[in-house]
Amino acid sequence: MIRNPMKVAFGTMTVTKKSKDMVRRILDSGRVSCGYYVREFEKRFARLIATRQAVAVSSGTDADALALAIFYDFGAKRNDEVIVPALSFVATGNAVLQAGFKPVFVDIDPKTLNIDTDLIERAVTKKTRAIMPVHLMGKPAAMDEINHIARKHQLFVVEDAAEAHGAMYKGRHVGTLGDLGAFSLYVAHIITSIEGGMVVTERKDFAEILRSLRSHGRACKCEQCVVNIASASCPKRFQYGAGEDMRFLFERIGFSAKMNEIEAAVGLGNLGIYKKILERRRRNLLYLMKRFKKNEEFFYSIEEESYEKIGPHAFPVVVRRGAPFRRQDLVCFLTQNNIDSRSLFSSMPTQCSGFSFLGHRYGDFPAAEYIGENGLHIGVHQDLGVKHLDYILATFTKFIKKFTK
Ligand SMILES: Cc1ncc(COP(=O)(O)O)c(C=O)c1O
């Protein structure tokens with residue numbers, strides 16, 4: 001028997017030589033906790049997406065949670081509400097709860113996989129503080145409509161851009177369209193620091209609060225902490241008065257969510273090759289999107305509109321109603337043929353049992369639930385070439401033939 005040598009992994013990660021050299025220097029220096037390299041990474045990340053402020057944290061989930069927790073400084077109360085799409089990776093809903101708010105779920109538009117903007121306003125109550133759209137699979141959410149509703153009801157907008165590195169909406173980088181944007185830097189993502197997240201914003205006051213929040217809510221908010229960089233002598237340390245050490249003064253309820261120097265070094269190396277990674281992944285995604293259309297009797301994927309660029313996170317596939325097979329048949333067939341896939345998440349309120357205490361019932365979010373049962377996604381990462389993409393397409397053709405002959 002000839003073994004099939006082709007293998008299509010879901011994700012990959014690239015650690016550059018520069019990163020490895022930096023990691024060695026960091027370990028030799030003994031200064032590994034959040035410091036110079038983290039600050040450098042933040043500055044370069046902000047520049048990359050043309051925004052003023054970036055604050056690095058320990059995960060994309062923390063990026064979501066900390067971005068929301070800022071609003072306590074602006075009058076929000078515990079258990080106030082945040083509107084989120086019903087369909088997302090579960091981290092979106094978890095982060096709302098971890099920040100101390102209640103997630104209010106809104107169904108999605110099955111075509112875009114993103115929050116259905118026609119349903120948002122009926123979810124707004126006196127307790128709503130923010131809308132958190134998700135740019136699922138790097139497809140930009142309808143930000144003009146979302147920002148319009150937010151302005152009308154005086155709500156903040158936090159973009160969950162965890163999967164949307166490189167996505168553009170009407171000429172602007174996704175993540176910079178609301179009040180704050182939250183990116184994940186997890187390994188399978190376009191920019192990675194192994195584990196990590198980045199919150200971006202135009203507002204300096206927001207960035208200061210984020211630096212406090214990521215470090216237990218302490219009063220220290222400097223862009224670069226001199227204590228961790230060069231010397232233990234901080235001129236601001238006792239500015240609150242004798243006996244009051246700013247480093248042990250806690251102004252708000254915080255998190256333990258700092259990024260460390262080693263993660264920042266991996267992230268900095270990734271920024272150096274970002275353009276190449278993005279180009280390769282965009283090529284892969286567009287190649288699949290175009291050629292996959294021949295299967296539209298049985299499947300659909302997302303489309304790119306003229307005013308946007310999809311961030312090439314992965315290639316989503318949804319099995320259409322009436323198809324002569326189930327998602328699990330497809331997943332098994334792909335697995336047997338060495339093609340890795342992931343499900344396209346699920347309806348958090350009705351298909352993730354952790355949220356059952358909120359009292360929703362299956363059927364409340366039909367579009368999200370349909371994707372939860374019939375969607376999957378496949379990698380388009382930088383280590384895949386055209387031969388892998390052609391192999392994916394040929395495997396789908398074989399699968400369809402099996403059920404239609
Ligand atoms: C939409 C979305 N939000 C949040 C996250 C959380 O990111 P992390 O895994 O870095 O915590 C993810 C993870 O990929 C995600 O897909």
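1. Phe 315 counts as buried because it has 23 C-beta neighbours inside 10 Å, where buried means that 20 or more other C-beta atoms, placed from the backbone, lie within 10 Å of a residue's own, exposed means 12 or fewer, and partly exposed lies in between. This residue belongs to strand 13 (residues 314-319), with strands (E, at least two residues) and helices (H or I, at least four) being DSSP runs numbered from the N terminus. Leaving aside residues up to four places away in sequence, Phe 315 touches Leu 285, Leu 288, Ser 301, His 377, Ile 378 and Val 380, a contact being a pair of residues whose C-beta atoms, placed from the backbone, lie within 7 Å. Between Phe 315 and Met 289 there are 26 residues of sequence separation and 7.7 Å in space, C-alpha to C-alpha.

2. A word on the model and its numbering is needed here. The model is predicted, and local features need pLDDT of at least 70, side-chain atom pairs count only at pLDDT 80 or more, and totals for chains, interfaces and linings use all residues. Residue numbers start from 1 along each chain as its sequence is written.

3. The chain is divided into domain 1 (17-272) and domain 2 (274-404), with bounds that come from an automatic or database domain assignment. The centres of domain 1 and domain 2, taken over C-alpha atoms, are separated by 27 Å, and 32 residues of domain 1 are in contact with 28 residues of domain 2. On the side of domain 1 that touches domain 2, at least two residues each are supplied by strand 3 (87-88), strand 7 (168-169) and helix 8 (261-272).

4. The largest nonpolar core has 113 residues, and those with the most contacts inside it are Leu 66, Leu 68, Ala 130 and Val 199; such a core is a set of buried Ala, Val, Leu, Ile, Met, Phe, Trp, Tyr and Cys residues joined through C-beta atoms within 7 Å. Helix 3 (residues 60-69) gives the largest share of this core, six residues, and the core draws at least three residues from each of domain 1 and domain 2. Leu 68 touches Val 82, Ala 95, Val 96, Ala 99, Phe 101, Ala 130 and Val 158, not counting residues up to four places away in sequence.

5. Helix 3 also packs against helix 4 (residues 91-98), at an angle of about 40 degrees and with the axes 8 Å apart, the axes being lines fitted to C-alpha atoms, for helices over the stretch in contact, with angles from 0 to 180 degrees between N-to-C directions. That angle makes helix 3 oblique to helix 4, because angles under 35 degrees count as roughly parallel, over 145 as roughly antiparallel, 65 to 115 as roughly perpendicular and the rest as oblique. The contact involves Gly 60, Thr 61, Asp 64, Ala 65 and Leu 68 of helix 3, together with Ala 91, Thr 92, Asn 94, Ala 95, Val 96 and Gln 98 of helix 4.

6. Within helix 4 the buried residues are Ala 91, Thr 92, Gly 93, Ala 95 and Val 96. These buried residues pack against helix 3, strand 2 (81-85), strand 3, strand 4, strand 6 (156-160) and helix 11 (348-351). Helix 4 is followed by Gly 100, whose phi is positive, near 95 degrees.

7. Leu 113, in the loop between strand 4 (102-106) and strand 5 (128-131), has a positive phi near 70 degrees, and Leu 113 counts as buried with 27 C-beta neighbours inside 10 Å. Phe 345, found in the loop between strand 14 (342-343) and strand 15 (346-347), has a positive phi of about 65 degrees, and Phe 345 likewise counts as buried, with 27 C-beta neighbours inside 10 Å.

8. Pro 235 lies in the loop between helix 7 (226-229) and helix 8, and Pro 235 is exposed, with 7 other C-beta atoms within 10 Å.

9. Asn 284, Tyr 287, Leu 288, Arg 291 and Phe 292 of helix 9 meet Val 386, Leu 389, Ile 392 and Leu 393 of helix 13.

Conventions:
Two residues are in contact if their C-beta atoms, placed from the backbone, lie within 7 Å.
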